[in-house]
Amino acid sequence: MAQPLVISLVFFVLTICLASSKFLSANVTLSKKTYIIQMDKSAMPDSFSDHLEWYSSKIKSIVSVPETEGQHSDNRILYNYQTVFHGIAAQLTDDEARKLQNEDGVIALFPEMKYQLHTTRSPSFLGLEPQSGKTDVWAQKLSDHDVVVGVLDTGIWPESESFNDAGMTPVPAHWKGECETGRGFQKNNCNKKIVGARVFYAGYEAATGKINEKSEYKSARDQDGHGTHTAATVAGSPVHGANLLGYASGTARGMAPGARIAAYKVCWTGGCFSSDIMSAVDRAVADGVNVLSISLGGGVSSYNRDSLSVAAFQAMEMGVFVSCSAGNGGPDPVSLTNVSPWIITVGAGTMDRDFPATVKLGTGRTINGASLYKGRRVLNKQYPVVYMGSNSSTQDPSSFCLDGTLDPHKVTGKIVICDRGINPRVQKGQVVKDAGGVGMILTNTASNGEELVADCHLLPAVAVGESEGKLIKQYTLSNRKATANLAFLGTQLGIKPSPVVAAFSSRGPNFLSLEILKPDVVAPGLNILAAWTGDLGPSSLPTDHRRVKFNILSGTSMSCPHVSGVAALLKARHPEWSPAAIKSALMTTAYVHDNTREALLDASTDEASKPYDHGAGHINPGKALDPGLIYDIAPQNYFDFLCTQGLTTAELKTFSNRSCKHSLANPGDLNYPAISAVFPEKLSVKVITLHRTVTNVGGATSNYHVTVTPFKGVDVRVEPTTLSFKKRNQKLSYKVTFITKTRRATPEFGGLVWKDGVHRVRSPIVVTWLTAV
């Protein structure tokens, strides 16, 4: 009898499992996700009165199951896009999405994507500080052209002095933006500086649930601080005596203090979602922004699968300059985001300002580091030092000072060494403090090298480089009575060498298109002082009850708004310039040498950086205002570039209804300010010729001569070698021929420079030989 019973039980269990599997499978199929749905606006049948009605009918036609009582297919629609993109964001099941993809008039579906934020002295360092009695870039009234910069971020803290509108002219009549109200944000929080404030959260709520309005402002008010910091960096009004707890004291001002700001809040506690970002870009361009500053990213997809890339293309067509952060994935290669050629991709560098601090070991040796600690507690006598890691290559969670990993019996009353990585730097200090430690030494790992990021710690703490960190750890592990003290030395200016490419700054190459060098430029992104929210302490930790008006942050999130602000300056001075012209001016005038006249260094290696690290170089705003020549690119040229990328007709339609003119022999022929020659795997291809056209925006009559860096693997010939212009805005073309001498295993880097005695128009060159896999 036992065997039939066992068989019956097995059959019963299998029946239950199969039923459960079917139930779970049905749930997965019926669960809804947000999709951005691109529609062919021109395909709307005459029977519909407007596009939204048509879009709604499409959704209704593919709904898998009848909507429950109180629901309607219209409730599936989160956004209606009308300017840089035509279509909707809607919640669909997987089956519904597949059905919709095949419907007439549907161009593409983009699944919702989560983006992350890429989390003063910079105007002076960039040569933008006004000097009495001298002509400078501030002498031009930027309000003459009413440049508006749209900042897509976490919102804005309107009470900050950086957003004072004293002396500004009335908001221009052509501006269509609004000041949306909500908890903590009223109409009067906008002024002649903050001319617009909007919020976008439908995609976020669809993915994460309703925003808790008691703990988070469902308005443009910024409780994170990131958006306030980036907006002030772009166009903050001058604030004298700005500082963070006494550090970096001076006048804080944005890159374009005469420009106006429109804040588009797209990022919330749980991240930033592509449907919200798309709606913000769509709305910002309709509002009338001239520049978009986007300090966030979400990985790399092919051009036609990247909704931000598609939106940015349309914005570019409408004359809007789009500036994006490169990401903080460095020093790993191929770590870039936002690589489309119609976007300027901004990496990060250091400035000539530091916040020195020291660690003095019991041996008497003093080690230099950095910190923004300011508190009552000082560690000016020797304290015991402890490191919870080991000399082995196996990493111990305790060595990173992760939450709950430190034993109070071992660390109380001691300075604790914590390795950088995994959890936030300032949080490590909180973990040490909670366990009873009196201080922290934060040691860099190999990925950070010797780059020192200063933080506003809650306990005495000093960050040190990798090599010095190894020395401190070796001393501690080999000496049971190891001691140290920590000292904080304030602010130091005139640091050499600077700038240096930040270790965290994401690196090329751009594997979507090796012919398009990325990043484009680097700008100040390490230890940047700018305005801050009044709702959060400078460490951003919930346990930090300090409140400051300014904070110091690092990341390509900080370098991006520097470029956005300088772009606003250029747009104000040259309102007729296209986005490509502004980008060209920034790239061809960038410099590749530091303040010691040596090649820009890479902080992660302490060796010379390469164009895959710094792009065309570090921005030089004063020179960019008068670049001499520009490489202009019309929207059709960008589209013809896409035509070289192996996209189908349907995929090309995501960008435009244009037709391929086949004006480019290969992708490297795009009139880009950087030049990248890519030799294919075929050994028989030994010669590549690329073409460029420059426009004279300098003196009416000018003669330019070319110089080219010598290469080991190729001969480089430029024809013609001189360009003689007879009038402004005249265009002349040249070609660059690369002849392989020896195929090399790694890319070669150099530059091409046109000089007329006044201007120096430089293009970086990269030569790559592909190898068969």
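**Note on a strand and a helix pair in a predicted model**

1. In strand β3, Ile-88 is the bridge partner of Ile-37. The model is a predicted one, in which local features need pLDDT of at least 70 and side-chain atom pairs count only at pLDDT 80 or more, while totals for chains, interfaces and linings use all residues. Residues are numbered from 1 along each chain as its sequence is written, and side-chain values use heavy atoms, with hydrogens and water left out.

2. Strand β1 (residues 33-39) pairs with β3 (residues 87-92) in the antiparallel sense over 6 bridges, where pairing requires at least two DSSP bridges between the strands. β1 is also joined to strand β4 (residues 106-111) by 5 bridges, again antiparallel, and here Ile-36 has Phe-110 as its bridge partner. Of the 7 residues in β1, 6 are buried (under 20% relative accessible area, with a 1.4 Å probe and protein chains only).

3. Helix α8 (residues 307-317) packs against helix α16 (residues 635-642) at about 150 degrees, with the axes 10 Å apart; the two are therefore roughly antiparallel (over 145 degrees). Phe-313, Met-316 and Glu-317 of α8 meet Pro-635, Tyr-638, Phe-639 and Leu-642 of α16, with contact taken as heavy atoms within 4.5 Å.

4. The whole structure holds 20 aromatic pairs (ring centres within 6.5 Å). The ring centres of Phe-313 and Trp-342 lie 5.1 Å apart with planes at 90 degrees, so this pair is edge-to-face (planes over 60 degrees apart). Phe-313 is buried, at 0% relative accessible area, and Trp-342 is buried at 4%.

Note on methods
Axes are lines fitted to C-alpha atoms, for helices over the stretch in contact, and angles run from 0 to 180 degrees between N-to-C directions. Helices (H or I, at least four residues) and strands (E, at least two) are DSSP runs, numbered from the N terminus. Angles under 35 degrees count as roughly parallel, over 145 as roughly antiparallel, 65 to 115 as roughly perpendicular and the rest as oblique. Buried means under 20% relative accessible area, exposed over 50%, partly exposed in between (1.4 Å probe, protein chains only). Rings of Phe, Tyr and Trp (its six-membered ring) pair if their centres lie within 6.5 Å; planes under 30 degrees apart count as stacked, over 60 as edge-to-face and the rest as tilted.
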